[in-house]
Amino acid sequence: LNVALAPNMWPNVSIKFAYLDKLLLAVDLNGSHFGSAQTALTTLYELLGCPRAAAYLGQLSGLQRGLSYILGCRDSKVMIAFGRLLRRLLAHYPMRATAGPAGGNGAATAAAAAAALTARGYRAAAAAAAAAGTAGQR
């Protein structure tokens, strides 16, 4: 994938992420299509690691529904793949040191949240992230 997306191979390539969003939304959170979700997350991880990753960051907003839906998944391999993707995505956006809700460092809080998704308590971290996302929408 990295070789195919090299700037000298296809200079004007445009990637459509709608299929990956549909694939993530098709996952039954209680038991099926975990392999498809893991493949989609790994593909996104690799895309964000290629030299032209900055060109794809603007298109990732179309995946918001699928990525937020997959947070409720109970499969540890899918959550590990999601955590890896989140860490790589956060690496593209430099964090400013701002005070978080408890007066702590906002960058450290985001890094800790990304690490918590791949740790042993991934379900609790996913539930906390989902709760924080719904609390911010109110």
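Okay, a quick definition to start: Ala, Val, Leu, Ile, Met, Phe, Trp, Tyr, Cys and Pro count as nonpolar, Asp, Glu, Lys and Arg as charged, and everything else, Gly included, as polar. This is a predicted model, so local features need pLDDT of at least 70 and side-chain atom pairs pLDDT 80 or more, while totals for chains, interfaces and linings use all residues. Numbering runs from 1 along each chain as its sequence is written, and side-chain values use heavy atoms, without hydrogens or water.

So, the cavity. By that we mean a set of points on a 1 Å grid over the protein atoms alone where a 1.4 Å probe fits but cannot get out, with lining residues having an atom within 4 Å of a point. Who lines it? Leu 44, Leu 48, Leu 60, Leu 63, Leu 67, Leu 85 and Leu 89. That's seven nonpolar, no polar, no charged.

Now helices, meaning DSSP runs of H or I, at least four residues, numbered from the N terminus. H2 (residues 34–47) packs on H5 (residues 76–92) at about 15 degrees, axes 9 Å apart; axes are lines fitted to C-alpha atoms over the stretch in contact, with angles from 0 to 180 degrees between N-to-C directions. Roughly parallel means under 35 degrees, so H2 and H5 are roughly parallel.
Their contact (heavy atoms within 4.5 Å) includes Leu 44 of H2 and Leu 85 of H5.

Last, H1 (residues 18–25) and H2: axes within 9 Å, crossing at roughly 145 degrees. Leu 20, Leu 23 and Leu 24 of H1 meet Ser 36, Ala 37, Ala 40, Leu 41 and Leu 44 of H2.

How values were computed
On a 1 Å grid over the protein atoms alone, a cavity is a set of points where a 1.4 Å probe fits but cannot get out, and a pocket is an open set with protein on both sides within 12 Å along at least five of seven lines; lining residues have an atom within 4 Å of a point. Helices (H or I, at least four residues) and strands (E, at least two) are DSSP runs, numbered from the N terminus. Angles under 35 degrees count as roughly parallel, over 145 as roughly antiparallel, 65 to 115 as roughly perpendicular and the rest as oblique.
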